[in-house]
Amino acid sequence: MPASEISHLLQGSWGYNNAPHNDWIGLMLARDEQPSAHVTPAPMTSKLPRVGTTVFSVMSALALETGAVNLGQGFPDFDCDPRLVHAVSEAMRQGFNQYPPMSGALPLRQAIVDKIRSLYGHAYDVNDEITVTAGATQAILTAILCSVHAGDEVIVIEPAYDSYLPAIQLAGGKPVLVSMRRGPDGFSVPWDAVAAAVTPRTRMIIINSPHNPTGSVLTADDLAQLADIVRDTSILLLSDEVYEHMVYDDVPHESVCRHPELVARAFVISSFGKTYHVTGWKVGYAAAPAMLSAEFRRVHQFNVFTVNAPMQHGLAAYMLDPAPYLDVAPFYAHKRDLFRAGLEGTRFRLLPVRGTYFQCVDYSAISSQPEAEFCRWLASEIGVAAIPLSAFYDQPRESGIIRFCFAKKDQTLKAALDRLARL
Ligand SMILES: Cc1ncc(COP(=O)(O)O)c(C=O)c1O
């Protein structure tokens with residue numbers, strides 16, 4: 001990506017909210033791909049005219065260009081457990097190379113059922129209630145497409161992961177945005193505002209815990225308040241729990257699966273990419289009551305139909321041992337503590353990290369620049385890439401907060417801390 005383009009994008013034209021409104025795909029062709037003078041590009045009205053290059057790609061490109069340590073995009077810079085790679089190669093050698101069942105390979109669905117039952121006490125049916133997906137992103141899109149009809153409202157709590165709003169738009173739904181509140185103890189969900197946002201058209205509420213980007217987690221009390229809101233309604237829940245195994249300080253993850261009233265109306269979504277440090281494999285799942293799963297599968301079977309077989313069988317074999325997913329929390333707690341200790345001597349104000357592998361910091365004691373400008377300065381002058389919190393809002397807003405990802409080798413974190421020590 002050329003420097004001029006990075007600079008243009010950093011001035012605010014990225015993501016769902018700020019991209020140029022291209023109504024003609026011809027306008028989107030790169031210069032050297034322009035058709036010859038005689039050929040008129042076919043007209044194409046965009047279904048997602050507000051979607052452009054994401055800030056994550058922009059910051060990664062800037063990190064590459066400037067040689068900055070990339071704590072922007074949320075993925076590990078270390079490899080997964082070699083036993084997992086071995087299990088997948090073994091599955092290929094054993095001949096698991098053809099289409100698995102549409103809902104997912106049975107041993108993997110069984111492993112998911114067993115894990116959820118042992119951790120959260122809810123017993124899903126292995127045949128009717130678990131669907132393996134191409135990452136959590138596909139599960140989110142599928143859950144929204146199968147349940148949201150034109151004109152339905154979906155409550156989204158901001159800041160939010162960037163796939164929710166385009167998915168709602170593709171379904172013809174209307175996002176209804178509720179902002180998290182920032183208190184002395186970090187970000188939390190204002191349930192009174194969520195309750196006030198409910199209308200007869202509300203079809204779904206999306207929750208995400210542990211939460212990207214704020215690192216906050218929902219408590220049992222949060223889930224009780226949510227239950228009060230949806231009781232006696234037909235509102236569905238999408239519970240994005242991709243960071244379920246990254247909850248710290250001996251606090252249990254409050255999965256919706258622990259809450260019988262909520263689980264009965266929920267798509268619970270998780271991602272092996274996050275849990276096992278294999279974000280590039282794109283395997284996840286959606287767990288939902290049979291009626292919801294049946295609708296989910298109607299969309300899923302004509303979207304991807306199924307997910308690659310050797311990964312599924314490899315993951316199933318690896319999951320027989322719960323230790324790797326149980327070890328994720330202490331593994332990342334060490335990195336969180338290392339990173340936070342290193343930042344203590346700087347003028348960044350650290351927000352709490354109760355879950356995920358993201359550390360948000362308030363930089364208002366260092367600079368009054370807008371978040372995107374500050375991130376650009378941080379990458380090019382200090383040599384560390386981060387993500388502005390504003391990227392997680394529909395209408396960018398300035399909170400003076402940026403997000404670092406600490407899913408990195410200790411030596412990467414130390415290299416970043418050496419540079420950040422100047423602040
Ligand atoms: C909150 C949240 N949900 C979903 C996803 C997507 O997960 P996957 O890579 O499995 O599609 C991510 C990835 O960053 C995320 O942060």
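Me: How far apart do the C-alpha centres of domain 1 and domain 2 lie?
Reply: This is a predicted model; local features need pLDDT of at least 70, side-chain atom pairs count only at pLDDT 80 or more, and totals for chains, interfaces and linings use all residues. Residues are numbered from 1 along each chain as its sequence is written. Domain 1 covers 3–74 + 327–420 and domain 2 covers 82–320, with bounds from an automatic or database domain assignment. Their C-alpha centres lie apart by 24 Å.

Me: Which helix gives the most to the side of domain 1 that touches domain 2?
Reply: Contact means that C-beta atoms, placed from the backbone, lie within 7 Å. It takes 27 residues from domain 1 and 26 residues from domain 2. Helix 2 (15–18), helix 16 (328–343) and strand 12 (358–362) each supply at least two residues on the domain 1 side; helices (H or I, at least four residues) and strands (E, at least two) are DSSP runs, numbered from the N terminus. With 5 residues, the top contributor is helix 16.

Me: Why do the buried residues of helix 4 line one face?
Reply: Val-55, Val-58, Met-59, Leu-62 and Ala-63 are buried in helix 4 (20 or more other C-beta atoms within 10 Å of a residue's own, C-beta atoms being placed from the backbone). An α-helix has 3.6 residues a turn, so residues three or four places apart point the same way. The buried residues of helix 4 line one face because, seen down its axis, they fall within an arc (directions from the helix axis to the C-beta atoms) of 135 degrees.

Me: Which residue follows helix 4?
Reply: Helix 4 spans residues 55–66. The residue that follows has a positive phi, near 75 degrees: Gly-67.

Note on methods:
Two residues are in contact if their C-beta atoms, placed from the backbone, lie within 7 Å. The expected span of a helix is 1.5 Å times one less than its number of residues. A residue is buried if 20 or more other C-beta atoms lie within 10 Å of its own, exposed if 12 or fewer, and partly exposed in between; C-beta atoms are placed from the backbone.
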